[in-house]
Amino acid sequence: MRPGTLRRWLCRLAISTLSTLLFNPITARAADADNNWWKTAVIYEIYPRSFGDANGDGIGDINGITAHLDYLKDLGVDAIWITPFFPSPLVDFGYDISDYRAIDPQFGTMADFDRLMAEATKRNIRVIADMVLNHTSDQHPWFIESKSSRTNPKADWFLWRDGKANGQPPNNWISIFGHSAWQYVDTRNQFYYHAFYKEQPDLNWGNSDVRNAMYDVLRFWMQKGVAGFRLDAVTHLFEDPALRDEPTTSGTNKFGDPNHDTIYTDNLPQVHDVLRDLRKVTDEYPGRVLIGETYLNNANDLALMYGKNNDELQLPMDLQYGFVNSFDTAKTRQLLVDAETKINGNTPLFAFDNHDNPRSTERYDQKGHADAVARLIATMLLTPKDSALLYYGQEIGMTDHLPRRKEDVQDPIGKIGWPREKGRDAERTPMQWNADNQAGFSSTKKTWLPVGSDYKTVNVASENKDPNSLLNFYKKLIQLRKSNAQLREGEFVIVDPNNPSVLSFMRRTPDGKSVLVSCNLTANAQSLAIEELANKSGEVLISSSPLQIASGQFSLPPFGSVVAQLQ
Ligand code: NOJ
């Protein structure tokens, strides 16, 4: 063969291999499924200060996360969402960012982050970064420049307004973290707006330079390999340009401020323009996901967050179903059905726990049935047609540990609001790995928050050994969610819709196969005879305690739950 012929032949072979790879329907489907990984994902939220302390300073760090990746792999999570790890004065423990393109030294270095990415990728675990778009730190160079005068190049990057006569703020808006949302700066003789702490000035999203700067930040982290972003406080990006006073309602909040509405400061229509832009930016990189921190009132509002043309967030959080905060069967069922049916076929992202709210172990009265309740919540989270958010420690049944004295409080909300508002320290205590000192979280004597007093029994090492532990229940449930076709892709069908005590639904695939899920939301045993299951028996796949299903009949113990393959 002449050299030219060989070259042509090799070239044709390369083109045909490439086109087979690109246009083969099987390969294309696999790529598609891979890019849509988030549709069925279990995403595990890590509060990095509290997960693993590799350098022994009492504060968790990135290497501490890397050290525990095998645990996360074994648990079965698809992705980790790490709350902010960027340089920050840490007034709001990272939600006040002073540099969007680096790692805070308390958490490690960029090399540590790159290693985390590489090790996570080896284990097929994706990494999701927490992006704070609404505000920066008051120590961010953008704000330092912006506040220096009314004429500097960044003068309009934040929300500056003149005060009223006699030094009063521009209007009655109050900060979510207490007191006026306006802070006076004498270099400009103006006030700036802050939806959260005064150290967290709100960016002006009406300014296209701000938008473009932030879009580039997203590109930077996607090039580093992150699989997407959890967008902090994203409904707060815009405020009423006319600065109308919020209507006040009766009473005062935990900070002693008058209660008022948020119609001029939250969820304004302009938010959707930015969400569409953000989606275009993340779509430049295949397989990335946008998750929204979206506290909303109903499923209709949630549906809007996906975009009228499904071109906004892929996973706005549903923070209703998991935050009923009482076992109200009718309400819980309604919220679940709404999320499953009123969001235009999109995927709901459910959560029962996060770093801003008391753990579900505290919010739901367990009436002496803590273990059954924890399993019930696991079942309610992991068996509907959803993506699921877990918060570190939820899988072992960690509980809240409130600071006893004001001097011990770390979270500034707790300092501002004490004693009515004790802050969020309680749900942020160190991960309980084992029964050693500091629960295996750190080698130091003093951790940034004290380890929960129950760590001798509630910890990963002891639960790993016990086949009946909550941890092993979570593992089995996550495994089942992946391996069982009905739980993986079956449609959601509500059954026994009027039962006042038990929430039941099925997951059904087109081949007629179905899985039943029943959750007893009461402290009494319940006997069921589900009409839809008449004459059916069920093979129990997982249940909070042993039981049998025959001819559609079975009993659930207090707060009991079952997942069964119907025959
Ligand atoms: C929501 C975050 O989850 C919370 O922890 C933070 O304090 C506020 N946004 C402000 O960024």
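This is a predicted model: local features need pLDDT of at least 70, side-chain atom pairs count only at pLDDT 80 or more; totals for chains, interfaces and linings use all residues.
**Largest pocket**

- You've got a volume of about 1500 Å³ to work with in the largest pocket.
- Its lining takes in 48 residues, and the ones closest to the pocket centre are Ile176, Phe177, Phe196, His236 and Tyr295.
- Sorted by class, that lining comes out at 19 nonpolar, 16 polar and 13 charged residues.
- Strand β9 (residues 258–260) supplies the largest share of the lining, with 3 residues.
- As for location, the largest pocket lies between domain 2 (36–128 + 218–228 + 273–480) and domain 3 (133–217 + 229–272), because both give residues to its lining.

**Second largest pocket**

- This one holds about 690 Å³ of space.
- There are 32 residues lining the second largest pocket, and Asn36, Trp38, Lys39, Thr40 and Thr347 sit nearest its centre.
- Two or more lining residues come from each of these elements: α10 (329–341), α15 (470–483), α16 (485–489) and β14 (491–495).
- Domain 2 (36–128 + 218–228 + 273–480) contributes to the lining here, and domain 4 (490–566) does too, so the second largest pocket lies between them.

Conventions: Residues are numbered from 1 along each chain as its sequence is written. Side-chain values use heavy atoms; hydrogens and water are left out. On a 1 Å grid over the protein atoms alone, a cavity is a set of points where a 1.4 Å probe fits but cannot get out, and a pocket is an open set with protein on both sides within 12 Å along at least five of seven lines; lining residues have an atom within 4 Å of a point. Grid points are joined across faces, edges and corners, and a volume is the space filled by probe spheres set on the points. Helices (H or I, at least four residues) and strands (E, at least two) are DSSP runs, numbered from the N terminus. Ala, Val, Leu, Ile, Met, Phe, Trp, Tyr, Cys and Pro count as nonpolar, Asp, Glu, Lys and Arg as charged, and the others, Gly among them, as polar. Domain bounds come from an automatic or database domain assignment.
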